[in-house]
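Work through the exercises below with the sequence and the model open. Each task is followed by a solution in steps.

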Amino acid sequence: MAIPALMQNYGTRTLTLVRGEGNYVWDDAGRRYLDAISGIAVCGLGHCHPAVTEALQDQAHTLLHVSNLYNIPAQEQLAEKLVTLSDMDNVFFSNSGAEANEAAIKLARRLGNERGLAVPRIVVMEGAFHGRTLATLTATGNEKIQQGFAPLPEGFLRVPFDDVAAIEKLAAQHNDIVAVLVEPVQGEGGIRVPAPDYLNKLRDLCDRQDWLLMLDEIQSANGRSGKLFAYQHNGILPDVVTTAKGLGNGVPIGACLARGKAAQLFTAGSHGSTFGGNPLACRAGLAVLDTLEKEWLIERAAKLGEQLLQQLREQLADCAAVREIRGLGLLIGIELDRPCAELVEQARTRDLLINVTAGNVVRLLPPLTLSDDECRQIGATVSTLIENFTRQAA
Ligand SMILES: *Cc1c(COP(=O)(O)O)cnc(C)c1O
């Protein structure tokens, strides 16, 4: 039902969730669902994890907000922890993914301006998703998202994803490129996993060209890929990496981390945010990182992801409508040969929440806290749904 008081940008929503605990959520009629989407890769520790709840309660009794006019101990602690775990040098805190990417884009622009370039260019990918602000929707490789919002900022060059040669070709044509911005696994674009050495080759290319390698890990970080950051699978370091979704387990927070020369580009007054890095959000971030470690959830994401991929591949082996089953840790996509948005509703009738992205890709982003049984249940239900759905004529 449309609510006139809300702008209609989200279309019609047909489910009202009122409570969550662990890997389950309940609707307003008391029905329970196993959550295989986690608020779009946000609630990686499951809903209302006690460690996060306790930290928030404690901070709510102490101090919610002071602004960045003052030192914020929780912000400093979270920065130190993130920098240590990522091998990056420093961090800027925002409130969302798009804002973290805006900071990254501004770092690249700043470098270009220092180099005297009139229009510094950032290489971005087809199928990418970087957010909905003007700069990030321009970086996003989806015309539908851009349509109707002209004029868009300039300074982006687009190439196919997972195609290093295409970027090398651009390097020969343009002398004003300053950075490459890429998701290690494309999320909204359909859980597209590139060749295992893609990031390594991009790292080499960026080193040779003196460009910044900027990774958008807003969806893939915080343990979901089976490493804290997905680039840690490749043994490389980016110059800039952004994250957000899973960092606060539901409390809005984003982070833009930088290393080397990129870490020195912002100076006093270059950038800022009223809410960014406030005590409440940073306590949530600290509780999340602490819990990922204490409960071995990153290792767990790697193992569950492998099990789920294998189960889906076995159970759907004979399903001709399945084009590809792919994933990294608990970022899993099943691409069908036809649009399949109806599967979201059909899964609900089996007490399961899933998502469909890019029109024809079933996307699974369950909490990292799933039990083996719950993981198998997701695999079995999704396989059955896809088999039944694709048995009908295309
Ligand atoms: C969700 C997402 C964003 C945007 O984050 P918001 O918090 O919605 O602004 C950017 N990049 C990637 C890869 C994402 O998955």
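Helices (H or I, at least four residues) and strands (E, at least two) are DSSP runs, numbered from the N terminus. This is a predicted model, in which local features need pLDDT of at least 70 and side-chain atom pairs count only at pLDDT 80 or more, while totals for chains, interfaces and linings use all residues. Residues are numbered from 1 along each chain as its sequence is written, and side-chain values use heavy atoms, with hydrogens and water left out.

**Exercise 1.** Place Ala-41 in the fold and describe its surroundings.

Step 1. Ala-41 belongs to helix α1, which covers residues 38-41.

Step 2. Ala-41 has a relative accessible area of 4%, so it is buried. Buried means under 20% relative accessible area, exposed over 50%, and partly exposed in between, with a 1.4 Å probe and protein chains only.

Step 3. Not counting residues up to four places away in sequence, Ala-41 touches Gln-219, Arg-224, Lys-245, Gly-246 and Leu-365. Contact here means heavy atoms within 4.5 Å.

Step 4. From Ala-41 to Glu-99 the separation is 58 residues in sequence and 17 Å in space, C-alpha to C-alpha.

**Exercise 2.** Characterise Lys-245, a residue with a UniProt annotation.

Step 1. The unreviewed UniProt entry lists Lys-245 under "modified residue: N6-(pyridoxal phosphate)lysine". UniProt positions are given in the numbering used here, feature names are shortened, and annotations may be inferred rather than shown by experiment.

Step 2. Lys-245 sits in the loop between β9 (240-243) and β10 (254-258).

Step 3. Its relative accessibility is 21%, so Lys-245 counts as partly exposed.

Step 4. Leaving aside neighbours within four places in sequence, the contacts of Lys-245 are Ile-40, Ala-41, Val-42, Glu-188, Ile-218 and Gln-219.

**Exercise 3.** Give the strand order of the seven-stranded open sheet, then examine its pairing.

Step 1. The order is β4-β10-β9-β8-β7-β5-β6, and the pairing is mixed. Two strands pair if DSSP finds at least two bridges between them.

Step 2. At the edges are β4 (90-94) and β6 (156-159), each of which pairs on one side only.

Step 3. On average, neighbouring strands of this sheet are turned by 20° against each other, direction ignored. Axes are lines fitted to C-alpha atoms, for helices over the stretch in contact, and angles run from 0 to 180 degrees between N-to-C directions.

Step 4. Strands β7 (residues 177-182) and β8 (residues 212-216) pair in the parallel sense over four bridges. Ala-179 stands opposite Leu-212 in β8.

Step 5. Helix α3 (residues 73-86) lies across β4 and β10, and runs at about 125° to β4.

**Exercise 4.** How many disulfides are found in the whole structure?

Step 1. Zero disulfides are found, where a disulfide is a pair of cysteine sulfur atoms within 2.5 Å.

Step 2. For Cys-206, which is in no disulfide, the nearest cysteine sulfur is that of Cys-256, 15 Å away. Cys-206 is buried, with a relative accessible area of 1%.

Step 3. Cys-340 is likewise in no disulfide, and the nearest cysteine sulfur, that of Cys-319, is 11 Å away. Cys-340 is buried at 0% relative accessible area.
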